[in-house]
Amino acid sequence: MELGGGFTIFLALFLSCRLVLFAWKRINKWGKLPPGPTPIPFLGNLLQVSSNATFQSLMKLQKKYGPMYTVYLGPRPVVVLCGHEMVKEALVDRADEFSGRGVMAILQRNFHGHGIALSNGERWKILRRFSLTILRDFGMGKRNIEERIQEEAGYLLEEFRKTKGAPIDPTFFLSRTVSNIISSVIFGSRFDYEDKVFLNLLRMINESFVELSSPWTQLYDMYSGIMQYFPGRHNRIYYMLEEIKDFIASRVKINEASLDPQHPRDFIDCFLIKIHQDKNNPHTEYNLKNLVLTAVNLFFAGTEPVSSTLRYGFLLLMKYPEVEAKVHEEIIQVIGPHRTPRVEDRAKMPYTDAVIHEIQRLTDIAPIGVPHNVTQDTHFQGYFLPKGTDVFPILGSVLKDPKYFRYPDAFYPQHFLDEQGCFKKNEAFVAFSSGKRICLGESLARMELFLYFTSILQNFSLRPLVPPADIDTTHLFSGFGNIPPIYKLCLVAR
Ligand code: HEM
């Protein structure tokens, strides 16, 4: 018995020494990172960073450790940046160093560092430059994409009219119409709203976004080394993204069979032409893998954030009917009851513009930001971040920075209005992020949000099924993305 007790003490001492040694080695390996909560070996800061409230946990830690600190997600250290000044200093003032894409373990199995959104280095630069050029050539930020959005908004209004004011869940009404804009750039045409393949793709995009923000994914991100070998819900996103990939690969084949290099019809054609032009370059990034995965990124990013913002916006407008009434008043004054809204109207509609900004601020589509990493050894704020250190620019902490927003948690369109009621820019408005990785689709998204909100509110009033005061605007999940709650509403024709 005595021998057994002695052995237990020896074992406990031995394990403690191993743990201290492990922690010490990790700290040295990772340079001089800013301080943060003490990690437990292997488990990291699991006790401090809750997988079902990542954003809230990180904000709590900010109170204790300041605007820059380190947390361990499992064995991986991540440098967390909070508040406008800190995020700006990294993403804008030190743009090159902080332009790397950090690890998103849950997506790694599908993308393997390919495609515009998850690549790094030369590959990312080439894909970003190319995608931007093609989006511009196909009209992003120009008149012809405006006409496309107006036409598509017209189809949406028809669908809303068919509901005759009965309660509906707006989710797929909105994602079908929004997705058709980016679809016409990628695939050269829109989908019919009843197309079963299209509906299945939208369901998968929507569910993937929910999964991406769910606690299971956050856990996977921390412990992918072990979890990848186990069955479970964390695998769903992998299979859905593979199906979307397969669909796009099949569209690439169809395009290839009818390709006319003189007359590219869409993004896929333009990429295929580049692949043919570059076929003798052994180091080319113009290959089928990058084509398919960049198209997946654009299809996904071009669908979900805008439709989620519209959906969350409806909820806010129903909770604050006086705001909806003022937007409608401005629409009638500037556009009138019948004319189709145009992007140029925005300059004359400061209140509506402010409301859309405020909706985006509270939708806060990527509250903990999409992970970045440093592209080289970086000295920052007196610390040393070795090349490859992951960094989370907490966009939600900027969008709710009390120095820049008087009522950070309230829906208060005046955040974006001056005393005279003119639109007022706010430098902490980073819904699209900032720096070199800033959202590629910002100008397209801004056009879409303005044209959809104004077209819908010109023709319909939004009626909730419960009294406005009872509307709960708490997000369903808050992880990589903020997922708006599921709800129904009635669209009553004006
Ligand atoms: C309300 C709408 C949208 C919001 C709030 C939004 C927000 C964001 C954010 C926060 C990022 C991460 C930036 C970073 O890494 O720091 C991002 C990246 C990206 N977005 Fe958007 N986005 C929206 C719409 C769109 C649309 C319509 C497109 C389609 C063209 C798009 C394409 C992309 C792409 C390709 C990236 C990756 C850029 C890169 O890694 O270089 N987004 N977006």
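Mentor: The shell around the ligand divides into 17 nonpolar, six polar and two charged residues. Here Ala, Val, Leu, Ile, Met, Phe, Trp, Tyr, Cys and Pro count as nonpolar, Asp, Glu, Lys and Arg as charged, and the others, Gly among them, as polar. This is a predicted model: local features need pLDDT of at least 70, side-chain atom pairs count only at pLDDT 80 or more, and totals for chains, interfaces and linings use all residues. Residues are numbered from 1 along each chain as its sequence is written.

Trainee: How many residues surround the ligand, and which are the closest?

Mentor: The ligand is surrounded by 25 residues, the closest being Ala301, Pro305, Ser433, Cys439 and Gly441. A residue counts as near if its C-beta atom, placed from the backbone, lies within 6 Å.

Trainee: Which residues point which way from S2?

Mentor: Arg76, Val78 and Val80 point one way, and Pro77, Val79 and Leu81 the other.

Trainee: What does S2 pair with in the parallel sense?

Mentor: S2 pairs that way with strand S7 (residues 390–393) over four bridges; pairing requires at least two DSSP bridges. Val80 has Phe392 as its bridge partner in S7. Strand S1 (residues 68–73) runs antiparallel to S2, joined by six bridges.

Technical notes
Buried ≥ 20, exposed ≤ 12 C-beta atoms within 10 Å, placed from the backbone. Helix = DSSP H or I, 4+ residues; strand = E, 2+ residues; numbered from the N terminus.
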